[in-house]
Amino acid sequence: MTASLHMMKLCVGAQSPADLETWQRARFGDGPTQHVTRMRPKREAELLAGGSIYWVFKGVMLARQRLIALEPRRGEDGIERCALILDRELVRVTGVPRRPFQGWRYLKPDDAPTDLPPGREVEQPLPPKLARELAEMGLL
């Protein structure tokens with residue numbers, strides 16, 4: 001059996017998980033959503049064995065979506081890209097600070113934040129600076 005693996009991505013243009021949810025619903029309706037990326041992940045089998053994409057908003061990882069499939073997409077410019085097909089459900093997770101990065105990064109399951117329990121999904125995350133300082137002290 002293949003071990004699962006996750007990926008993380010900066011969420012550019014959305015200020016919060018609620019913003020991303022609103023944008024995805026407007027763009028894709030009630031079906032699966034997708035995110036097109038330039039590079040196709042080489043560890044596809046691990047990602048599709050229960051992996052998720054973890055979204056980083058303003059320097060804090062706050063939500064995830066389960067990866068359903070990876071599909072080729074050719075852009076209008078003729079360049080081959082990869083569509084990450086995502087589950088509609090956006091799951092809120094414990095806020096974890098992340099420094100800026102380009103593209104996406106693999107995320108080991110042990111490094112992934114835990115899902116928030118039911119009823120806590122709408123809590124405001126800690127301010128990024130405070131979350132980063134607590135994480136550096138080992139308290140988050």
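This is a predicted model: local features need pLDDT of at least 70, side-chain atom pairs count only at pLDDT 80 or more; totals for chains, interfaces and linings use all residues.
Which residues point each way from β3? Ser52, Tyr54 and Val56 point one way, while Ile53, Trp55 and Phe57 point the other, and all are buried. In a regular strand, side chains alternate between the two faces of the sheet. Here both sets count as buried because each residue has under 20% relative accessible area.

Strand β4, residues 60-74, pairs with β3 in the antiparallel sense, over six bridges. Among the residues involved is Ser52, whose bridge partner in β4 is Arg66. Two residues lie between the strands of this hairpin, and Lys58 takes a positive phi near 50° there.

Arg66 belongs to strand β4 and Asp87 to the loop between β5 (80-86) and β6 (91-97), so the pair ties together parts that are 21 residues apart in sequence. With a relative accessible area of 39%, Arg66 is partly exposed. Side chains of opposite charge can pair when their charged atoms come close.

How many salt bridges are there? The count comes to nine. One of them links Arg40 and Glu44, with the closest N and O atoms 3.0 Å apart. Arg40 is partly exposed at 35% relative accessibility, and Glu44 is partly exposed at 25%. Another joins the side chains of Arg43 and Glu46, at 2.8 Å from N to O. In that pair, Arg43 is partly exposed with a relative accessible area of 35%, and Glu46 is partly exposed at 22%.

Finally, step back to see the whole chain. The protein has three helices and seven strands, and from the N terminus on they run β-α-β-α-β-β-β-β-β-α. Of its 140 residues, 35% count as buried. The protein exposes about 8500 Å², with carbon and sulfur atoms supplying 53% of that area. Among contacts between residues at least 6 apart in sequence, 71% join residues at least 24 apart.

Conventions. Residues are numbered from 1 along each chain as its sequence is written. Side-chain values use heavy atoms; hydrogens and water are left out. Helices (H or I, at least four residues) and strands (E, at least two) are DSSP runs, numbered from the N terminus. Buried means under 20% relative accessible area, exposed over 50%, partly exposed in between (1.4 Å probe, protein chains only). Contact means heavy atoms within 4.5 Å. Accessible areas come from the Shrake-Rupley method with a 1.4 Å probe; for residues, only the protein chains shown count as cover. Two strands pair if DSSP finds at least two bridges between them. A salt bridge is a side-chain nitrogen of Lys or Arg within 4 Å of a carboxyl oxygen of Asp or Glu.
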